[in-house]
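User: Hello! I am new to this structure and would like to learn how to read its features. Could we go through them together?

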Amino acid sequence: MATAAQVAATFLSFLSCPRHHTAPSPSISFLATPVLPASLRAAAAGGQTLTFRCRGRRIAVVAQLPTMIPELASGEKKIRWSSRAVRSFAMAELEARKMRYPTTGTEGLLMGILVEGTSDAAKLMRANGITLLTVRDAAATILGKSEMFYFSPMHPPLTESAQRALDWAVNEKLKSGEDGEVTANHLFLAIWSDKESAGHKVLASLGFDDQKASLLAKTAGEEKAMSPR
């Protein structure tokens with residue numbers, strides 16, 4: 001009969017085997033290439049990615065988000081998303097899972113922006129008393145609590161309104177004719193622009209209005225350099 005020490009040694013050996021390593025958490029923006037969600041794999045196929053190695057593993061930073069705009073989807077045009085926007089999107093998927101929702105909606109995108117926390121949109125929300133907890137509570141009130149037994153899918157698919165928000169943000173950047181990136185600020189304003197979206201209803205229920213949105217619209221395309229961490 002194996003001793004306790006032998007069992008422990010066998011178990012540790014099992015965990016240290018590379019094929020049993022778990023995938024990186026979806027709560028970070030550095031998404032491992034083998035486990036990218038289908039939406040981001042499709043976007044990354046025609047977009048810019050930055051790669052590096054971490055503990056022997058190839059890591060990709062996706063610089064595109066899914067779009068339904070034909071010229072971008074086909075690769076005819078290129079658009080860059082800011083690192084804050086990409087991080088916010090990754091956080092949105094995680095928040096949807098925490099809420100046990102089967103999809104990532106505009107309310108999830110709002111939560112993602114707040115969790116990422118460094119964009120002007122996130123700062124504006126906090127300045128107006130809109131926090132992650134108040135958005136969660138408002139989302140649960142408006143959408144109801146999920147009846148899923150456990151968690152939603154690892155990468156909850158976008159709702160139609162969330163996809164419209166991403167496309168609106170891209171269109172606004174294209175219409176401006178300016179160089180630069182599509183920012184988390186663009187994404188926030190896209191959510192606010194759709195009055196039927198859950199995200200807009202959440203913001204409105206928390207006292208946000210057009211006047212406050214106009215303050216952000218003036219500098220939506222500007223993002224200060226991120227402080228090193």
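This is a predicted model: local features need pLDDT of at least 70, side-chain atom pairs count only at pLDDT 80 or more; totals for chains, interfaces and linings use all residues.

Analyst: Gladly. Let us start with a term: a salt bridge is a side-chain nitrogen of Lys or Arg within 4 Å of a carboxyl oxygen of Asp or Glu. Residues are numbered from 1 along each chain as its sequence is written, and side-chain values use heavy atoms, leaving out hydrogens and water.

User: Why are Lys175 and Glu172 separated by about one helical turn?

Analyst: Helices (H or I, at least four residues) are DSSP runs, numbered from the N terminus. Lys175 and Glu172 are about one helical turn apart because they sit three residues apart in helix 8 (residues 160–176).

User: Is Lys175 buried or exposed?

Analyst: The scale is relative accessible area: buried means under 20%, exposed over 50%, and partly exposed in between (1.4 Å probe, protein chains only). Lys175 counts as exposed because its relative accessibility is 63%.

User: How many salt bridges does a search of the whole structure find?

Analyst: In general, side chains of opposite charge can pair when their charged atoms come close. Here the search finds five salt bridges. Among them is Glu95 with Lys98, at 3.3 Å from N to O. These two are three residues apart in helix 4, so about one helical turn separates them. Glu95 is buried, at 2% relative accessibility, while Lys98, at 46%, is partly exposed.

User: Which parts of the chain does the pair of Glu116 and Arg87 link?

Analyst: Glu116 and Arg87 form a salt bridge, with their closest N and O atoms 3.3 Å apart. The pair links distant parts of the chain, 29 residues apart: Glu116 is in helix 5 (residues 106–116) and Arg87 in helix 4 (residues 83–98). Both Glu116 and Arg87 are buried.

User: What does the side chain of Arg84 make a polar contact with?

Analyst: A polar contact is a pair of N or O atoms within 3.5 Å; within protein, one must be able to donate a hydrogen and the other to accept it, and residues adjacent in sequence count only if both atoms are side-chain atoms. The side chain of Arg84 makes such a contact with that of Thr118, at 2.8 Å. Arg84 lies in helix 4 and is buried, with a relative accessible area of 7%.

User: How many residues of helix 9 are buried?

Analyst: Nine of the ten residues in helix 9 (residues 184–193) are buried, including Asn185, Phe188 and Trp192. At the start of helix 9, a side-chain oxygen of Thr183 comes within 3.2 Å of the backbone nitrogen of Asn185.

User: At what angle do helix 8 and helix 9 pack?

Analyst: Two packed helices are described by the angle between their axes and the distance between the axes. Axes are lines fitted to C-alpha atoms, for helices over the stretch in contact (heavy atoms within 4.5 Å), and angles run from 0 to 180 degrees between N-to-C directions. Helix 8 and helix 9 pack at about 120 degrees, with their axes 8 Å apart.
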